[in-house]
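Here's a quick briefing to read with the model open beside you.

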Amino acid sequence: MNPKRKQRLMVVLFLLAGAGATVALTLLALNENLNLFYPPDQIVSGEAPTQTRIRAGGMVMAGSVARQANGLDVSFVLTDYEGSDFEVRYSGILPDLFREGQGILVQGQLGSDGVFKADEVLAKHDENYMPPELADMHRPAAPGGDAE
Amino acid sequence: MSRASLFIPISVFALIIGVGWIGFSLNDPHELPSALLGKPFPDFEAPRLHEPDQRVSRDDLLGEPVLVNVWATWCPTCAAEHDELLRIRDETGLRIVGVNYKDDAAKARRWLEAYGNPYDLIIQDPDGSLGVELGVYGAPESFLLDRAGTIVYKRVGDINPRIWRDELRPALMQVMDG
Amino acid sequence: MIPELGQVSLALAFCLALGITFFGLAGAALRRPVWLGALNSLVIGQFVFMALAFLALTQAFLTDDFSVAYVANNSNSLLPWYYKFSAVWGAHEGSFLLWVLIMAGWTLAVAVRGRHLPGDFLGRVLGVMGLLNIGFLAFLIWTSNPFERLVPMTPADGADLNPLLQDFGLIVHPPMLYMGYVGFSVAFAFAVAALLSGRLDATWARWSRPWSNVAWAFLTLGIGLGSWWAYYELGWGGWWFWDPVENASFMPWLAGTALIHSLAVTEKRGTFKSWTLLLAITTFSLSLLGAFIVRSGVLTSVHAFAVDPTRGLFILAFLVLVVGGSLLLYGLRATTMRSRVGYTLFSREAFLLVNNILLVVAMAVVLLGTLYPLAYEAATGGDKVSIGPPYFNRLFVPLMLLLSVALGLAPLVQWKRTRSDRLRRDLRWMVPGALAAGVGVPLVVSGAVPWQAAAAFGLAVWVLLAHAADLVRRARPGLRRVPLAYWGMSLAHVGFAVTLIGVSMTSVLSVEEDLRMSPGQTSELGYLSVRFDGVSNRQGPNFVAQRGDFLITEGNRQYRLYPEKRRYLARGNVMTEAAISPGLMRDVYMSLGEPLDNGDWAVRMQLKPYVRWIWLGSLIMALGGALAVLDARYRRLRQRFAAPAGAAPAPELSGTPLPGEAR
């Protein structure tokens with residue numbers, strides 16, 4: 001092989017290796033940071049996985065918000081008003097639009113005890129309206145819709 | 001490089017558009033409140049909630065100003081606005097028509113017994129088809145119609161005393177005058 | 001009456017856009033100089049009528065004409081006049097009016113500055129831009145009319161502008177961003193015109209280079225402003241969220257950055273020709289995709305406009321026509337010919353290729369992360385999924401580090417090949433210099449050496465040293481001989497290094513505490529101490545606020561910060577108004593969370609070192625882009641082409657004579 005060809009081969013090999021590594025890393029990163037959404041009934045029924053980062057949502061049940069006397073620990077119950085509710089624990093500042101009766105999303109891990117440990121609480125910017133992710137929850141079996 | 005490779009970009013684009021299209025059709029975002037303003041309330045035919053064998057149509061909404069309220073038992077904000085609807089009906093006599101949206105009829109009837117019924121007439125819309133016509137994406141939503149059945153005001157979200165005072169009542173006054 | 005005049009102006013502008021498209025494209029195809037000659041007045045007319053329409057809407061805002069629905073929804077009689085003015089582009093309809101106005105402005109600029117271009121080529125460029133404007137205007141007139149009246153139900157007062165938008169940053173951010181987005185339509189039009197006319201040599205690249213640089217500078221500024229706004233206005237100290245709308249502006253930027261580099265290679269060396277065409281098309285397509293994402297509501301986002309399915313459908317159809325059409329044209333007309341000019345691994349061509357690959361991969365990463373939730377939903381029939389910021393960060397950090405390594409070598413290598421002894425001489429002092437800076441600076445600043453900080457500082461200094469070394473070499477014949485375009489390039493690269501430092505240092509060294517504080521309580525924040533002196537009430541012009549009072553002790557300096565929790569009266573929404581003590585080396589950022597029992601408050605305090613460098617860097621980058629365009633050689637170039645227009649190379653632009661073009 002003449003040196004010119006050899007160099008070209010090296011470049012091609014290098015590019016292939018680079019492309020392979022990029023694709024592999026991308027897929028890995030994508031997989032690890034994929035947060036699936038689960039409505040309350042799936043959380044309660046145990047369909048949602050534990051020990052992995054997921055998203056959940058529901059309405060904050062009236063009277064369920066309890067702040068600890070010290071620190072910023074807070075717990076509240078999310079419900080779909082159809083009999084499925086679960087407890088969420090969070091430590092930190094709640095968003096401006098967080099209030100009882102409001103639909104919110106939480107991100108974090110579901111413990112094996114059924115308590116959701118949130119590291120992020122998101123409230124939508126529209127006060128009297130439900131986030132689409134939650135609105136979907138009530139669609140009675142839309143064609144190909146959510147697993148009920 | 002072969003000639004065919006020049007068509008790789010357009011293939012990638014077609015793929016992206018395909019995905020975008022499916023995602024778009026799944027997401028049907030709610031319409032702007034203004035989209036239906038000034039348009040006639042759509043034609044429809046549907047059963048009544050309490051007397052399912054009776055059918056109602058657009059004609060049943062004509063003759064006097066009417067507030068069409070889209071609600072459901074699964075919707076917490078609907079419960080929140082319920083007292084205000086009762087108050088409006090009692091204090092002003094405004095005719096309120098309910099559209100029971102994507103709901104279970106039996107559940108809805110029980111719910112009304114428990115909380116009171118502000119509606120003069122309730123339309124059943126179990127599969128949300130009237131909702132689609134109205135561009136409803138969630139509940140509650142409300143439409144004020146004039147005597148001729150034209151939508152003059154639309155509210156996405158709850159009816160509360162502030163909305164009544166600042167928006168709904170002024171709109172109603174206009175309808176009465178005009 | 002005036003809103004109706006605005007409406008009529010829009011219709012007239014639409015007719016003129018039809019004329020521009022017809023006379024431009026048909027005139028060039030059928031060789032009718034008279035048709036082409038009519039273009040100038042049509043383009044001027046289009047701009048004038050768009051300006052009239054814009055003024056009509058502005059007038060409606062300034063005079064509180066709430067019979068116009070858009071004004072009623074986005075203004076209020078209590079709003080100060082400057083926010084009434086910026087509210088013109090505060091929501092969907094008006095901002096798109098601004099978009100079209102800017103489009104008409106760019107078209108006018110091309111018509112005026114492009115007189116030296118061959119008539120048929122200019123005709124095609126203007127025709128393509130006219131075609132785009134037909135689509136934009138149709139969208140505006142039929143789906144998003146800003147002049148729609150609320151008659152007879154005229155409200156007494158408006159619903160007010162969203163308080164988040166009542167802010168200086170929002171006055172300037174959208175115009176800058178749109179100047180960038182729409183500006184890339186010029187490069188797009190040049191590329192399509194080149195494909196249409198078969199003029200696929202390097203000349204189109206030379207002509208469209210300054211335009212791409214200007215658009216890029218505006219986009220850079222626009223993104224920087226957006227990030228700065230999010231930082232101080234959203235109230236919690238984040239400056240980039242990998243939100244779909246942010247990504248929508250970032251993807252064209254990445255592709256556009258690749259484009260301006262690839263244009264340089266195509267212009268000066270005649271290589272990468274098809275690739276550059278593709279990048280020009282891609283960059284503008286991503287701008288359109290961004291518009292689709294923002295205005296259709298397919299992806300939920302904090303700054304998405306109110307959505308309407310017909311609008312999304314319209315943009316999607318337009319996207320398919322424009323992008324699909326141009327890519328089809330590319331497939332049919334672009335050449336696969338390889339240029340005969342070779343280059344080695346250590347050549348400027350190779351490094352610009354690396355730049356392009358890294359930027360395009362970065363763009364693909366962002367695109368994938370942005371669209372993946374949609375794809376997932378489509379594939380599973382409706383399951384919702386979200387992609388967390390760690391995905392983007394994990395992939396972006398190594399890509400940008402690699403890019404910085406290459407950026408430090410790029411000025412040292414020459415076109416075609418580099419003498420290895422010279423390269424070795426440079427590296428002999430640059431490598432130790434960068435290493436010393438990487439370890440030394442973080443050690444002095446923070447007493448520790450986290451690897452990210454070391455890498456950031458080391459690479460930033462690496463980039464700076466390389467450009468300094470090259471500048472010294474170039475300035476040997478005299479500093480005045482260094483061309484402005486070279487200063488621009490160096491400045492933009494320095495800006496990149498500054499942003500790199502800002503991003504990494506803020507990410508690594510920031511201190512953030514969420515805690516519960518009682519009045520009188522003191523707490524530590526890094527090297528600061530913070531005392532909470534309680535909360536008092538305050539009445540603003542259109543809001544009521546609870547105002548926190550914090551005493552900060554920083555070394556032997558003491559000052560107070562007053563973050564607020566505001567409730568805006570018109571819409572009743574609550575907002576967190578942070579208090580910031582800004583500084584070149586650090587920001588102190590206080591925000592008030594929520595009230596707890598017995599006068600306690602949840603408080604977030606943050607110490608953010610170097611955060612200003614992020615925006616300072618983007619400002620420097622934009623300045624560099626602008627400087628490059630002012631280079632006198634582009635002006636001389638226009639004169640050269642004014643005479644017999646053709647594909648003659650311009651030797652004074654390339655330094656070395658232009659290579660033979662592809663066969």
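Helix 2 (residues 33-62) and helix 5 (residues 92-113) of chain C pack at an angle of about 155°, so they count as roughly antiparallel to each other (that label is for angles over 145 degrees). This is a predicted model, where local features need pLDDT of at least 70, side-chain atom pairs count only at pLDDT 80 or more, and totals for chains, interfaces and linings use all residues. Residues are numbered from 1 along each chain as its sequence is written, with chains lettered from A and ligands numbered from 1 in the order in which they are written.

**The helix pair in chain C**
- The axes of helix 2 and helix 5 of chain C are 9 Å apart; axes are lines fitted to C-alpha atoms, for helices over the stretch in contact, and angles run from 0 to 180 degrees between N-to-C directions.
- Helix 2 of chain C passes helix 5 of chain C in a left-handed crossing (the near helix is turned anticlockwise from the far one by less than a right angle).
- Helix 2 of chain C brings residues including C:Leu39, C:Phe47 and C:Phe54 to the contact, and helix 5 of chain C brings residues including C:Gly94, C:Leu101 and C:Leu108 (contact means C-beta atoms, placed from the backbone, within 7 Å).
- Helices (H or I, at least four residues) and strands (E, at least two) are DSSP runs, numbered from the N terminus.

**Helix 6 of chain C**
- Of the 25 residues in helix 6 (residues 119-143) of chain C, 19 are buried (20 or more other C-beta atoms within 10 Å; 12 or fewer is exposed, and in between is partly exposed).

- Chain B has an open sheet of 5 strands, in the order 5-4-3-6-7 with mixed pairing (strands pair if DSSP finds at least two bridges between them).
- Its edge strands are strand 5 (121-125) and strand 7 (151-156) of chain B.
- Strand 6 (residues 141-145) and strand 7 of chain B pair antiparallel over 5 bridges, and B:Ser142 stands opposite B:Arg155.
- Helix 5 (residues 161-177) of chain B packs on the sheet, touching strand 6 and strand 7.

**Positive phi without glycine**
- C:Trp242 has phi near 55° and is partly exposed, with 18 C-beta neighbours inside 10 Å.
- C:Tyr610 has phi of about 65° but is buried, with 26 other C-beta atoms within 10 Å.

Key. Two residues are in contact if their C-beta atoms, placed from the backbone, lie within 7 Å. Angles under 35 degrees count as roughly parallel, over 145 as roughly antiparallel, 65 to 115 as roughly perpendicular and the rest as oblique.
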